[in-house]
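Hi everyone, thanks for coming.

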Amino acid sequence: MEIKNKKIGFVLTGAFGAYSKTIPKIKELVKKGSEVIPIMSFNSYNLDTKFGKASDFIDEIQKITGKEIIHTIQDAENIGLKRLTDIMIVAPCTGNTMSKLAYDIIDTSSTMAVKSHLRNDLPVVIAPITNNGLSRKCFEYSHIT
C-alpha cells in the first residue's frame with residue numbers, strides 16, 4: 001500500500017516504554033507524505049511515568065504531525081463519521097486494548113477510534129506489545145497437561 005497522501009490514524013496506548021521506538025515511526029510516516037492523525041488513550045494522554053511526562057509526548061507528537069491529539073471518546077467517534085482516516089494503526093497496542101477490541105468494549109478514545117474507523121470497512125494495523133514476564137508465563141503454562 002502506498003502511504004503517500006494517505007490519512008493515517010495513529011493510536012498510542014499505555015505502553016509508555018515503547019514510545020521511544022513508536023514516535024520515530026510517526027515522524028517517518030509524515031516524512032513519506034502521510035497525514036497522520038494522532039490519537040491517544042486516556043492513560044497515555046494523562047499519565048506521567050518513569051518513561052517521561054505525558055505533556056512532553058503530547059508536544060512532540062503534535063509538533064511532528066501538526067495536529068491536535070484526539071484523546072476523548074467523543075472526538076474519536078468523529079473519525080468514522082467524517083471519514084478522517086484511510087488506515088488506522090494501533091502501536092503500541094497493549095493487551096488490555098487488544099482484549100477490549102476483541103470483545104467490542106468501547107470505553108476509551110483508543111477503542112472508539114478503531115470502532116469508528118472500522119464502520120467504513122477500512123484496514124486496521126495492530127502492533128501488539130507485552131512484557132517479557134507475561135510471554136514467559138504463557139509459554140511455561142502452555143506445557144501444562
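I'll go from the whole chain to a few of its parts.

Quick housekeeping: this is a predicted model, where local features need pLDDT of at least 70, side-chain atom pairs count only at pLDDT 80 or more, and totals for chains, interfaces and linings use all residues. Residues are numbered from 1 along each chain as its sequence is written, and side-chain values use heavy atoms, with hydrogens and water left out.

So, what's in the chain? You'll find seven helices and four strands. Those are DSSP runs, numbered from the N terminus: H or I with at least four residues for helices, E with at least two for strands. Along the sequence the pattern reads β-α-β-α-α-α-β-α-α-β-α. Of the 145 residues, 39% count as buried, meaning under 20% relative accessible area with a 1.4 Å probe, protein chains only. Now take the contacts (heavy atoms within 4.5 Å) with a separation of 6 or more: residues 24 or more positions apart account for 79% of them.

Let's start with the strands. Strand 1, residues 7-12, runs parallel to strand 2, and six bridges join them; for strands to pair, DSSP has to find at least two bridges between them. Ile8, for instance, stands opposite Val36 in strand 2. And how enclosed is strand 2? It covers residues 35-40, and five of the six are buried, so the rest of the structure largely encloses it.

Who makes the contact? From helix 1 it's Tyr19, Ile23, Ile26, Lys27 and Val30, and from helix 3 it's Phe57, Glu60, Ile61, Ile64 and Thr65.

Last stop: Gly80, in helix 4, residues 73-81. Gly80 has 5% relative accessibility, so it counts as buried. Leaving out residues up to four places away in sequence, Gly80 touches Ser116, His117 and Asn120. Gly80 and Val114 are 34 residues apart in sequence, with their C-alphas 8.7 Å apart in space.

Note on methods. Buried < 20%, exposed > 50% of the residue type's maximum accessible area, 1.4 Å probe, protein only.
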